[in-house]
Amino acid sequence: MNKKILSSLAAAVATAAMAGVSAMNAFADDAAGAANSQGTGQMSAGASMGGMLIPLVIMFALLYFVAIRPQKKRDKELKEMQQSLQVGDEIVTGGGIVGIVVSVGEDTVVIETGGAKHKLRIKNWAITENVTAMERMKEAKAGGKKTSGLETAAVVDDTAEDKKSKKKKEDEEE
């Protein structure tokens, strides 16, 4: 909802700035016509350019703080998440494929999907969400303790390794 409000506010400010520029141009044209008849056209042209420059600077500053800066922050967080993937994390790709990370390479990740344990090798940039890390963060917030994602990831890795070792023991007993 905040994004909708910010977008509406940005649109309103941009519209107001454009209306202000149009009004200034109209008054500047009238003033320039009157000044030309009196011989002082040089001064009014400089004032008109200064009047147009201020709303443009305001619009670019608003665009930066409403659109560009938050997008850069999201991109940085996504890149950090993609680089901090660990074995056992449940991830979602951009195409909607859900799987569990089996191995992590330099720029690729192997995941297991489905009940038949199909394995897929995908690029890091295709991963859009780390479900396990989000759950860990929610648990940490609910528990009231502040832990970094790396500390809680180590806990998940231990449990994933325990599950694998238990499964191997069960397979060996059969």
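In what sense do strands S2 and S3 pair, and over how many bridges? In this predicted model, S2 and S3 run antiparallel and are joined over 4 bridges, where pairing requires that DSSP finds at least two bridges between two strands. Helices (H or I, at least four residues) and strands (E, at least two) are DSSP runs numbered from the N terminus. Residue numbers start from 1 along each chain as its sequence is written. Because the model is predicted, local features need pLDDT of at least 70 and side-chain atom pairs count only at pLDDT 80 or more, while totals for chains, interfaces and linings use all residues, and side-chain values use heavy atoms, with hydrogens and water left out.

S2 and S3 form a hairpin with 3 residues between them, and Ile 100 stands opposite Glu 112 of S3. S1 and S2 also pair in the antiparallel sense, here over 3 bridges, with Val 92 facing Val 98 of S2. The hairpin of S1 and S2 has 4 residues between the strands, and Gly 96 in this hairpin takes a positive phi near 95°.

Helix H3 comes next. After H3 comes Gly 144, with a positive phi near 85°. The buried residues of H3 are Val 131, Thr 132, Ala 133, Arg 136 and Ala 140 (buried, under 20% relative accessible area; exposed, over 50%; partly exposed, in between; 1.4 Å probe, protein chains only).

A search of the whole structure finds 2 salt bridges, each defined as a side-chain nitrogen of Lys or Arg within 4 Å of a carboxyl oxygen of Asp or Glu. One joins Arg 136 to Asp 89, with the closest N and O atoms 2.7 Å apart. Arg 136 lies in H3 and Asp 89 in the loop between helix H2 (41-83) and strand S1 (90-93), so this pair ties together parts 47 residues apart in sequence. Arg 136 counts as buried at 8% relative accessibility, as does Asp 89 at 2%.

Asp 107 and Lys 123 also meet in a salt bridge, at 3.1 Å from N to O. Asp 107 sits in the loop between S2 (98-104) and S3 (108-113), and Lys 123 in strand S4 (residues 118-123), 16 residues apart. Asp 107 is partly exposed at 41% relative accessibility, and Lys 123 is partly exposed at 35%.
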